[in-house]
Amino acid sequence: MGKAVEITDANFEEVVLNSDKPVLVDFWATWCGPCLMMAPVIDELAVEMTDAVIGKLDVDANPQSAAKFGIRSIPTMLVFKGGEPVDKIIGAVAKKELEAKVSAQI
């Protein structure tokens, strides 16, 4: 694949909530500097972590999902397992930290 999955309000249930793998959702926006810094990290994880789904959701284009999960600042990354959020990371963080949070759910 080589790239994070694009998650939208329309496919959120299918891609995230109904996934049989853990899912990392990066809530981001095009105007957010720290979000843009995280983009290559998210894409690297998408390539390396085949036991999980790594995706990105643009909060401006998909406000319903962001509101549903109380996203107030970006970037915020939520880790889902079994359709439920089990971990939350706010702000730009090291790749190793994200990897550990997702790996803990595999």
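**The sheet and what packs around it**

Mentor: Strands S2 and S3 run parallel and are joined by six bridges. Helices (H or I, at least four residues) and strands (E, at least two) are DSSP runs numbered from the N terminus, and two strands pair if DSSP finds at least two bridges between them. Bear in mind that this is a predicted model, where local features need pLDDT of at least 70, side-chain atom pairs count only at pLDDT 80 or more, and totals for chains, interfaces and linings use all residues. Residues are numbered from 1 along each chain as its sequence is written, and side-chain values use heavy atoms, with hydrogens and water left out.

Trainee: Got it. Which residue in S3 does Leu24 stand opposite?

Mentor: Look along the parallel pair S2 and S3. The residue in S3 across from Leu24 is Ile54.

Trainee: Does S2 pair with S4 in the parallel or the antiparallel sense?

Mentor: Strands of a sheet pair through backbone hydrogen bonds, either parallel or antiparallel. Leu24 has Val79 as its bridge partner in S4. Over five bridges, the sense of the S2 and S4 pairing is antiparallel.

Trainee: What is the strand order in the open sheet, then?

Mentor: There are five strands, with mixed pairing. S1 (5-6) and S5 (84-90) stand at the edges with a single partner strand each, so one side of each has no neighbour in the sheet. S1 is joined to S3 (residues 53-58) by two bridges, running parallel, and Glu6 stands opposite Lys56 there. Put together, the order is S1-S3-S2-S4-S5.

Trainee: How many of the residues of S2 are buried?

Mentor: Buried means under 20% relative accessible area, exposed over 50%, and partly exposed in between (1.4 Å probe, protein chains only). Val23, Val25 and Phe27 cover one side and Leu24, Asp26 and Trp28 the other, all of them buried. S2 is largely enclosed by the rest of the structure, because the count is six of the six.

Trainee: Which residues does Asn11 touch, not counting residues up to four places away in sequence?

Mentor: Asn11 sits in the loop between S1 and H1 and is buried, with a relative accessible area of 18%. Contact means heavy atoms within 4.5 Å. On that basis, the residues are Glu6 and Val16.

Trainee: Is Ala61 buried or exposed?

Mentor: Ala61 is in the loop between S3 and helix H3 (63-68). Its relative accessibility is 55%, so Ala61 counts as exposed.

Trainee: What separates the C-alpha atoms of Val79 and Val102?

Mentor: Val79 belongs to strand S4 and is buried at 0% relative accessibility. Leaving aside neighbours within four places in sequence, its contacts include Leu24, Val86 and Val102. Val79 and Val102 are 23 residues apart along the chain, and their C-alpha atoms are separated by 6.6 Å.

Trainee: Last one: what is the handedness of the disulfide of Cys32 and Cys35?

Mentor: A disulfide is a pair of cysteine sulfur atoms within 2.5 Å, and Cys32 and Cys35 are joined with S to S at 2.3 Å. Cys32 is buried at 4% relative accessibility, and Cys35 is buried at 1%. The torsion about their S-S bond is about 80°, so the disulfide is right-handed.
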